[in-house]
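Hello,

Here is the structure we talked about handing over. Please load it first, then read the notes below it.

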Amino acid sequence: MSLDTYINRELRSDHAGEVGAVEIYRGIKAVALWRCNLELMQFADAHGAVEQQHLNMMEKLVPAEQRSRLQVPWQIAGWLTGAVPALFGRDTVYATIKAVETFVGQHYQQQIDQLSFYPQHNNITDVLIKCQADEQHHRDDAGSRISSVNPMLTAWCGMIGIGSKVAVAICRKI
């Protein structure tokens, strides 16, 4: 696989991931508004604004014709990944975000490591490093807010990790 092919596939997955991330926070906010949960509304607003910035950066890097053709499914999956946990309460939301952002941080690190051998792509690497730092902050913020974890929540977070891996594999191809 050529370097350009690798970069296009990886950036396609990053763009789709940021599409999903924006929707995760929209899903959280929708349920939080319905339940009048100010804490989750503020959390979703703050983190969602950062994810929108990431999406804007990715849209500058990834031409429309190179983006995943599955934008609507990623939007739906993202929204549900936010809304469903919000139905179960704050700990489920925060654990979900921690699980998602743990995966995303590792995903970005793999890309950063690969691109470190190609200084001609430092502009891409710089965007990935910025996004990764923000994602790590989201992970740590969400993790610090979790008050209790149970076996069902642990299983849910495991499914989130698996789902994230599957989504990236699909995005690299479609």
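The buried residues of H5 are Ile124, Thr125, Val127, Leu128, Cys131, Gln132, Asp134, Glu135, His138, Asp141 and Ala142. Keep in mind that this is a predicted model. H5 covers residues 122–145, which makes 24 residues. At 1.5 Å a residue it should span 34 Å, and its end C-alpha atoms are 35 Å apart, so the two agree.

**Pockets and cavity**

The largest pocket has a volume of about 540 Å³. Its lining has 29 residues, and those closest to the centre are Gly17, Ile24, Val100, Ser164 and Ala167. H1, H3 (71–88), H4 and H6 (151–173) each supply at least two residues of this lining. H1 has the largest share, with nine residues. By class, the lining of the largest pocket divides into 16 nonpolar, eight polar and five charged residues.

The second largest pocket holds about 180 Å³ of space. Its lining is made of Val84, Pro85, Phe88, Thr92, Met152, Leu153, Ala155, Trp156 and Met159. H6 gives the most, five residues. Eight of the lining residues are nonpolar, one is polar and none is charged.

The volume of the largest cavity is about 30 Å³. Tyr6, Ile7, Glu10, Leu11, Asp14, Gln111, Leu115, Ile124 and Leu128 line this cavity. H1, H4 and H5 are the elements that give two or more residues to the lining. The biggest contribution is from H1, with five residues. The classes here are six nonpolar, one polar and two charged.

**Aromatic pairs**

The count comes to two aromatic pairs. In one, the ring centres of tyrosine 25 and phenylalanine 43 are 6.0 Å apart. Their planes meet at 55°, so this pair is tilted. Tyrosine 25 lies in H1 (residues 3–35) and phenylalanine 43 in H2 (residues 38–61), so the pair ties together parts that are 18 residues apart in sequence. Are these two residues buried or exposed? Both tyrosine 25 and phenylalanine 43 are buried.

Phenylalanine 43 also pairs with tyrosine 94, and that pair is edge-to-face. The centres are 4.9 Å apart, with 80° between the planes. Tyrosine 94 is in H4 (residues 90–115) and phenylalanine 43 in H2, so this pair ties together parts that are 51 residues apart in sequence. Tyrosine 94 is buried, as is phenylalanine 43. Through these ring pairs, Tyr25, Phe43 and Tyr94 are linked into a cluster.

**Salt bridges**

How many salt bridges are there? The count comes to eight. Three are described here.

Arginine 90 forms a salt bridge with aspartate 91, and the closest N and O atoms are 3.3 Å apart. Arginine 90 has a relative accessible area of 28%, so it counts as partly exposed. Aspartate 91 is at 13%, so it is buried, the cut-off being under 20%. Glu39 joins Arg90 and Asp91 in a network of salt bridges.

Lysine 130 and aspartate 134 meet in a salt bridge at 2.7 Å, N to O. Both lie in H5, four residues apart, which is about one turn of the helix. Lysine 130 is partly exposed, at 39% relative accessibility. Aspartate 134 has 16% and counts as buried.

Aspartate 140 and arginine 139 also meet through their side chains in a salt bridge, 2.9 Å from N to O. Aspartate 140 is partly exposed, with a relative accessible area of 44%. Arginine 139 is partly exposed too, at 23%.

Best wishes

Note on methods:
Residues are numbered from 1 along each chain as its sequence is written. This is a predicted model: local features need pLDDT of at least 70, side-chain atom pairs count only at pLDDT 80 or more; totals for chains, interfaces and linings use all residues. Side-chain values use heavy atoms; hydrogens and water are left out. The expected span of a helix is 1.5 Å times one less than its number of residues. Buried means under 20% relative accessible area, exposed over 50%, partly exposed in between (1.4 Å probe, protein chains only). Rings of Phe, Tyr and Trp (its six-membered ring) pair if their centres lie within 6.5 Å; planes under 30 degrees apart count as stacked, over 60 as edge-to-face and the rest as tilted. On a 1 Å grid over the protein atoms alone, a cavity is a set of points where a 1.4 Å probe fits but cannot get out, and a pocket is an open set with protein on both sides within 12 Å along at least five of seven lines; lining residues have an atom within 4 Å of a point. Grid points are joined across faces, edges and corners, and a volume is the space filled by probe spheres set on the points. Ala, Val, Leu, Ile, Met, Phe, Trp, Tyr, Cys and Pro count as nonpolar, Asp, Glu, Lys and Arg as charged, and the others, Gly among them, as polar. A salt bridge is a side-chain nitrogen of Lys or Arg within 4 Å of a carboxyl oxygen of Asp or Glu.
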